[in-house]
Amino acid sequence: MKKCVTSLLVLVFISTALVSCGSKSSTSHVSGFAYRAFVSNPLFPSGTGHVPVLNVVNAVNDALATTNIALSGNSTQPSIMALSPNLHYTAIFSQVGNTIAVVDNATEGLASLSTGGPVPPISLPGFTESFFISNDNATAYAAVPDAAIVGQAPGAVLVFNITTGGIKAAIPVPAARYVVGTADGTTLLVFSDQSDSVTVISTIFIGSNQNPVTAVVPGFDRPVWAVFNGVTAYVFNCGAECGGTSASIRMFVPGSSGPGKSVPVKGATYGMLNGSDLYVAGSPPGYRCSLGNCGTLVIVNTQSMAVVQSAVPIVDGYHNRMALSDDGQLFIGSYSCTNTNTTTGVPGCLSIYNTTNGVITTPTTPGNATGIQPIAGRTVVYVCQGGNFEIFSTLTDELLVQTTPTQIVGQSYDVKLVDPPPSPISPSPPNGN
């Protein structure tokens, strides 16, 4: 997320106004909140049934808006979301119908076409669990493993425009499951099911007479993810967890002759880079569980390409969520976890790692961890787990007791912070504290 410089903050008794990086003041928001988080909710009660919405949460004090962003007709079952780098748009994928709806964050309504009317829902040719909006704040990419391609095996990277709603291109990549892009938007890395290669796409060739797939690079071991630092990618080799041989982190510079140095790790499906520390999570088969924690967290120094923190036991499952709070609490989420907390007997798919002292906390809240969002400037993290919206204190790593105004009714799936933090944030305590 791009950092913005806050130019003006006025905190008044019941209202907050914010001018930051050209963002509109809170008067343009139906909710009246200037610092907001959106929560995708496919089952918000309405009348005798349910409707799909985005709930709006005040990220200053955790209060829930009395209004929602209606998605009916554009998104049947809103789930994962992606933000444009300039924070103007939120794109929401529906697991029913495989559509993507686009919301204008300033107006808290569906994004509008330049010619008038809402941007129509974007229909993908199949399910995706990996999409993002590029640095031009209009072009988006989605990996669709089951996309039908005439004369070829299924699978493609779909290119679409969130401001017009149109599909621009379908780039054939068999069984494409995950896609990651460089910060400058010039290069995509695509990871396919049951493959030991990485597909490289040069975005400048999309729509031209030249094939945008510039390389299919072998030499990996079931690669599933990558983190970029400049032009260098650190590729996550899933290894045995994904039917391969050995998990590792492997350097790769697109355009080079092949993959570079490799560092063995216990498991590697997801992670994030913080300075020179690369946090790597996975669930190695046969790993000896510690107190019910059957997954692993490893820290790799990207300058020396060496493990600086050997495997720390965390909950298992397929790890695909990770975020770091301002005060150094690393939240790690997974789905389909099978461990059981030996103290409470309650399963959960969330781990919290204290990067200062190395202590792991395993909350007893059950279910898949589908959304994690640290709240910048505060000591709380919003989590969607098991369909519930949860607020964790990073001071205690405990779930805060939520009062009725903050409880989201329905099914909370994903959560995104859609505004830069005001400076300073009003010293309101977390809801429930």
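This is a predicted model: local features need pLDDT of at least 70, side-chain atom pairs count only at pLDDT 80 or more; totals for chains, interfaces and linings use all residues.

A disulfide is taken here as a pair of cysteine sulfur atoms within 2.5 Å.

**Exercise 1.** Characterise the disulfide between Cys 337 and Cys 349 by its S to S distance, its handedness and its place in the chain.

Solution. 
- Step 1. Cys 337 is joined to Cys 349 with an S to S distance of 1.9 Å.
- Step 2. The torsion about the S-S bond of Cys 337 and Cys 349 is about -85 degrees, which means that this disulfide is left-handed.
- Step 3. Cys 337 and Cys 349 are 12 residues apart, and each is located in the loop between strand 28 and strand 29.

**Exercise 2.** Classify Cys 337, Cys 349 and Cys 384 as buried or exposed.

Solution. 
- Step 1. The class "buried" requires a relative accessible area under 20%.
- Step 2. Cys 337 has a relative accessibility of 16% and therefore counts as buried.
- Step 3. With a relative accessible area of 1%, Cys 349 is buried.
- Step 4. Cys 384, at 0% relative accessibility, also counts as buried.

**Exercise 3.** Describe the strand pairing around strand 28 (residues 329–335) and state how many of its residues are buried.

Solution. 
- Step 1. Strand 27 (residues 318–324) runs antiparallel to strand 28, and six bridges join the two. Within this pairing, Met 322 has Ile 332 of strand 28 as its bridge partner.
- Step 2. Four residues lie between the strands in the hairpin of strand 27 and strand 28, where Gly 328 adopts a positive phi near 85 degrees.
- Step 3. Strand 28 also pairs with strand 29 (residues 350–354), in the antiparallel sense and over five bridges. Here Gly 333 has Leu 350 of strand 29 as its bridge partner.
- Step 4. Six of the seven residues of strand 28 are buried, and the strand is thus mostly covered.

Methods:
Residues are numbered from 1 along each chain as its sequence is written. Side-chain values use heavy atoms; hydrogens and water are left out. Buried means under 20% relative accessible area, exposed over 50%, partly exposed in between (1.4 Å probe, protein chains only). Two strands pair if DSSP finds at least two bridges between them.
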